[in-house]
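The sequence and the model come first.

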Amino acid sequence: MSKKVIIPIGPYHPLQEEPEFFRLYVEGEKVVDIDIVLGYVHRGIEELSEHKHYDQVAFLVERICGICSNSHPFAYVNAVENLGKIEVPERALYIRTIIAELERLHSHLLWLGLAGHFIGYNTVWMWSWRYREPVLDCFEMISGNRQHYAMMKIGGVRRDIESDQVTFLKKTLDELVKAVDMFKGAVMDDPVIQARLKGVGVLTYQQAIDWAVVGPTARASGVDIDVRRDDPYGVYDRIDWNVIIEKNGDIFAKTVVRILEMYESISIIRQCLDKMPKGEIDANVKDIPPGEGIGRIEAPRGECFHYVKSDGTNRPIRHKIRAPSYMNVASNKVAAVGQTISDTTITLAAVDPCYCCTERVTVLDKKTDEKIMNGLDLVRLSQEKTERLKKAMGK
Amino acid sequence: MRSLKIMSIIENVREKLAGTILDWYEHTAKRIYLKINPKDIKYAAQVLFKDLGFRFIIASGCDTPEGIEILYHFSYDKSGLVLSVRVLLKDKKKPEIDSIAPLFKAAEWIEREMWELLGINFVGHPNLEHLLLIDEWPKGNYPLRHDRK
Amino acid sequence: MSIKTKVLTKSLWVFHAATSPCNNCDIEIIDVLTPRHDVERFGMVLVGSVRHADVLLVTGVPNYKTKERLKKLYSQVSQPCLVIAIGNCACGRMMFKESYNSPCAVDDIVPVSAYVPGCPPKPEAMIAAVVKLIDKLK
């Protein structure tokens, strides 16, 4: 059996040369081992935090990841509020919840689009990204920016949601329900997609526990955890909603979890818009006392954890940030091994890492080092597999 | 008002780790910090993860005047409790502690990160090498240490 | 074929290089370059190989790992090649200037022809930048 090296880089943003992010070792068609190389997006944010005052840190941590832009400030302000035992006004809690769920919607739609592209369903990609736009319009209306909405503040939120904005939000949600219905039908009920994604990239329940994965990656493997229910923040303990769990741990399960979570998000936002009381949106916090605080929230990718240590001055003396992808990406060490090359891109993307992370993949032979393909070819392999399945099923 | 679930898990922790607990501080109902001796970390991690079913969230190292402090954060998801286990490594020139990576894979990366950013040696770690920084990063230059030039 | 001629007669081939971004700029770039925003009417096409690129879009703050990669990428383009820095991070490092892992700005590594500030720049801002650049070339 000839051993070859394939160097796939990425579907849309091929980053040609080293350094690579994932090094997959193959024998023939099968992936036998994987090295994960980090550090491409390391900007030393924890250290920078120590030189910024508490308000500035909220803006800094937004930029950890653009897709989960709200999650990090939310977890951060929760950490500082836990430290200082600060009470946040009711209306602010509702607004925070609305923003967090809108973010979940846009993030899951983004992932759906990418996943669709990787397996060759470009229409899914176009449509899901098209339906992201109204969500981004909502953000722009409320906060002034499509991404990096800077809504979180220690003790409250920075901007209010006006009553005329509520009407626009509700209208957008109505459209989104129809869109999610369409995706549910197009994706979950499609026998080709089921054949393509079922049994692929499986992370078993026990593996999910050993690797301490979080978010949809964990819930798709039957691990019943969700910070919104387990350690409520915002107004999640006053709203009716469901945690979505699937059992099989394969990519299809992860897809189902994300699609069904979108329905829950829409429902949560609607309830918040109806129940939101009038009142203050800011507790006007002046000083942070010495101590330690821990805040965590359920970001679209899973539990986002922040730890803040204060000595009573106006800057944190230690700020530990743990993004959900830190745990989830590591689990690819078991999920990607044993897969075929054509399933690689979708397996790595299934944990929904930061977009940039998915892009840098190198596949190496265990013994030799010969390049035969580039990144676009790997995605094409994945898309071709779907075509073969379609033909085999007579579609 | 504490729920029964939290009270019973706290009882279990206190019972199983009795003898190793140097300090126990409850900041709020769901945020507890307990201090142990560095030599007991493997035992504590084993008890929390394998026996009591806590989930490992992450660990955070911190350079303090008294030494290098590490907090191991564990979550008891059924009751939303975060239990942070604190150890203090007094020797700042050569801070060292047993690795808990052999117990569960989830700890591998964060120990590498703490090694490269704070200079802590994790004894028994399967591959203590750079995670985030380039391999050519100058030795002895630990970005999160406060005495760094 | 000179870049001027390309602008007048052919599509501009664009390659996207990310240094250490938060991804927002990258997502907005895809938004712009996909048929939805229809930038193809200006003749821009995304290519998979830097060797074919006429325009290099750079996002993010260079760190030690990505600085070398950007240098290497730029050394492989066939001149002339325009470099456009997209986003505040690529324009001037913004709040990451004092980071221990950021050695320099993008324009210390490659010569930048156009800066598009914003965090992230809206698709309209990027399209406006491209139009201005094309007009200037003409």
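## P300(A)

P300(A) counts as buried because 26 C-beta neighbours lie inside 10 Å; the class buried requires 20 or more other C-beta atoms within 10 Å of the residue's own, exposed means 12 or fewer, and partly exposed lies in between, with C-beta atoms placed from the backbone. The residue P300(A) sits in the loop between β6 and β7 of chain A. Strands here are DSSP runs of E with at least two residues, helices are runs of H or I with at least four residues, and both are numbered from the N terminus.

Leaving aside neighbours within four places in sequence, P300(A) is in contact with C68(A), E103(A), R104(A), S107(A) and H108(A). Contact requires C-beta atoms, placed from the backbone, to lie within 7 Å. K385(A) is 85 residues from P300(A) in sequence, and their C-alpha atoms are 29 Å apart.

## Basis of the model

This is a predicted model, in which local features need pLDDT of at least 70 and side-chain atom pairs count only at pLDDT 80 or more, while totals for chains, interfaces and linings use all residues. Residues are numbered from 1 along each chain as its sequence is written, and chains are lettered from A and ligands numbered from 1 in the order in which they are written.

## Domains of chain A

Chain A is assigned domain 1 (5–41 + 340–392) and domain 2 (45–326), with bounds from an automatic or database domain assignment. Their contact takes 21 residues from domain 1 and 20 residues from domain 2. On the domain 1 side, α14 (344–350), α15 (355–359) and α16 (375–392) of chain A give two or more residues each. The largest share, eight residues, comes from α16(A).

By class, this domain 1 side has eleven nonpolar, five polar and five charged residues. Nonpolar covers Ala, Val, Leu, Ile, Met, Phe, Trp, Tyr, Cys and Pro, charged covers Asp, Glu, Lys and Arg, and the others, Gly among them, are polar.

## Chain contacts

Between chains A and B, the contact takes 25 residues from chain A and 24 residues from chain B. At least two residues of the chain A side come from each of α1 (45–49), β6 (291–299), β7 (302–310), β8 (316–322) and α12 (324–330). That side divides into ten nonpolar, four polar and eleven charged residues.

The contact between chains C and A takes 32 residues from chain C and 34 residues from chain A. On the chain C side, β1 (12–18), α2 (24–33) and α3 (64–76) each supply at least two residues, and α3(C) gives the most, with five residues. By class, the chain C side has 14 nonpolar, eleven polar and seven charged residues.

Technical notes:
Contact = placed C-beta atoms within 7 Å.
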